Amino acid sequence: TLDLSGRFLLPRPRFSRCSIVGDKMATSDSATLSKTVKQQYMELPQGGKVQAMYIWIDGTGEGLRCKTRTLDSEPKSIEDLPEWNFDGSSTNQAEGSNSDMYLLPSAMFRDPFRKDPNKLVLCEVLKYNRKPAETNLRITCSKIMAMVEDQHPWFGMEQEYTILGTDGHPFGWPSNGFPGPQGPYYCGVGADKAYGRDIVEAHYRACLYAGVEICGTNAEVMPAQWEFQVGPCEGISMGDHLWVARFILHRVCEDFGVVASFDPKPITGNWNGAGCHTNFSTKEMREDGGLKAIEDSIEKLGKRHRYHIRAYDPKGGLDNARRLTGHHETSNIHEFSAGVANRGASIRIPRNVGQEKKGYFEDRRPSANCDPYGVTEALIRTCLLSEEGDEPADY
């Protein structure tokens, strides 16, 4: 090009839509604190004491809270852990005039942040009268699982999530635009395809250290979206392990100064949402000829679609309505469908299961922010206890 003085000018360089030239990702100030200085203190001896971080689900049904207490010795089992309490008026679980809530230790894991002998302790929440808090779905789930323990129900849950900056903007996305369209990001490799792999690797290793039954991970269809899988877990342990895996992810992201979102549709438009596909089987389904039991369960699920939709996100289906549109590898929230290798169906039977006539099926309806206790309990109620109608039975 020619300017007014007659000089030739070089054309301005053109950057791809996924470039972030001059942009700065919004991260927390805490992430800028010196980890080297912190490590000096973390290496100090503990004097034989143990730090136990108690974790619980708050009044939203999807948020997690935690606090730490000192124990005189390393606990070897749940029975060694004392009950505790907290202020429920600050977690949307109680009124200020009667705010004491009880923390009942329910599952224990190694602490990957403070390391051995310190512990992570997942807790149930009880109200002042010792009745379960409204978002304590574990207590009922545990009772339902005990009713069918002879059928050895196995679950595997595929937890999708999106990495965001502290301003809610997807990690690695241009501040005033969008990355290139979906296609190259699923299981992608390379700086222009995989956004935030350090977080994923740190989370994976931390889960293994903790004893969480994490079995895999991959980049998902939308850039900055990832998935990890937990399972197979039998009975109540599915919910325990997934909730602790979520907690560890939040803590890892905290260290990196970013946010993990389980919103089912974090970005509107032509971008995939986030689910928590749930794989389910029983001893009968896994044995020769088990396809018949799988098909029987799917038939029962088809008659109870509305009940499951309500159980599959913390807002009774409202969150999932943004995701289950019939597009972007989802079924329509108003319709039930099933098929072999069909990722646009409510229920998918993997192709190898159809060929071998045994195995498991995948319920693709649960949202990313579902409560795994509610999801697994609903599957047991419908498939194994043969409940019908829109309400759970009272046993």
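Predicted model: local features only at pLDDT ≥ 70, side-chain atom pairs only at ≥ 80, totals over all residues.
Local features need pLDDT of at least 70 and side-chain atom pairs count only at pLDDT 80 or more, while totals for chains, interfaces and linings use all residues. Residues are numbered from 1 along each chain as its sequence is written, and side-chain values use heavy atoms, with hydrogens and water left out.

**Terms for the helix pairs**

- Helices (H or I, at least four residues) and strands (E, at least two) are DSSP runs, numbered from the N terminus.
- Axes are lines fitted to C-alpha atoms, for helices over the stretch in contact, and angles run from 0 to 180 degrees between N-to-C directions.
- Angles under 35 degrees count as roughly parallel, over 145 as roughly antiparallel, 65 to 115 as roughly perpendicular and the rest as oblique.
- A crossing is left-handed if the near helix is turned anticlockwise from the far one by less than a right angle, and right-handed if clockwise.
- Contact means heavy atoms within 4.5 Å.
- Ala, Val, Leu, Ile, Met, Phe, Trp, Tyr, Cys and Pro count as nonpolar, Asp, Glu, Lys and Arg as charged, and the others, Gly among them, as polar.

**α3 with α4**

- Helix α3 (residues 197-210) packs on helix α4 (residues 237-256) at about 135°, and their axes lie 9 Å apart.
- That angle makes α3 oblique to α4.
- The α3 and α4 crossing is right-handed.
- α3 contributes D198, I199, A202, H203, A206, C207 and A210 to the contact.
- α4 contributes A245, I248, L249, V252, C253 and F256.
- The contact of α3 with α4 has 11 nonpolar residues, 1 polar and 1 charged.

**α4 with α10**

- α4 also packs on α10, at an angle of about 155° with the axes 8 Å apart.
- That makes the two helices, α4 and α10, roughly antiparallel.
- α4 passes α10 in a right-handed crossing.
- From α4, the residues M238, G239, D240, L242, W243 and R246 meet P372, Y373 and T376 of α10.
- This α4 and α10 contact divides into 5 nonpolar, 2 polar and 2 charged residues.

**α2 with α10**

- Helix α2 (residues 138-147) and helix α10 (residues 372-383) cross at roughly 30°, and their axes come within 9 Å.
- α2 and α10 are therefore roughly parallel.
- Here the crossing is left-handed.
- R138, T140, C141, I144 and M145 of α2 make the contact with Y373, T376, E377, I380 and R381 of α10.
- The α2 and α10 contact holds 5 nonpolar, 2 polar and 3 charged residues.

**D371, in a loop**

- D371 sits in the loop between β13 (361-363) and α10.
- At a relative accessible area of 7%, D371 is buried (buried means under 20%, exposed over 50%, partly exposed in between, with a 1.4 Å probe and protein chains only).
- D371 touches I57, G61, T135, L137 and W243, leaving out residues up to four places away in sequence.

**Cysteines**

- The structure holds 0 disulfides (a disulfide is a pair of cysteine sulfur atoms within 2.5 Å).
- C215 is in no disulfide, and its nearest cysteine sulfur, that of C233, is 8.3 Å away.
- C215 is partly exposed, at 48% relative accessibility.
- The closest cysteine sulfur to that of C383 belongs to C141, and at 14 Å it is too far for a bond.
- C383 is buried, at 4% relative accessibility.
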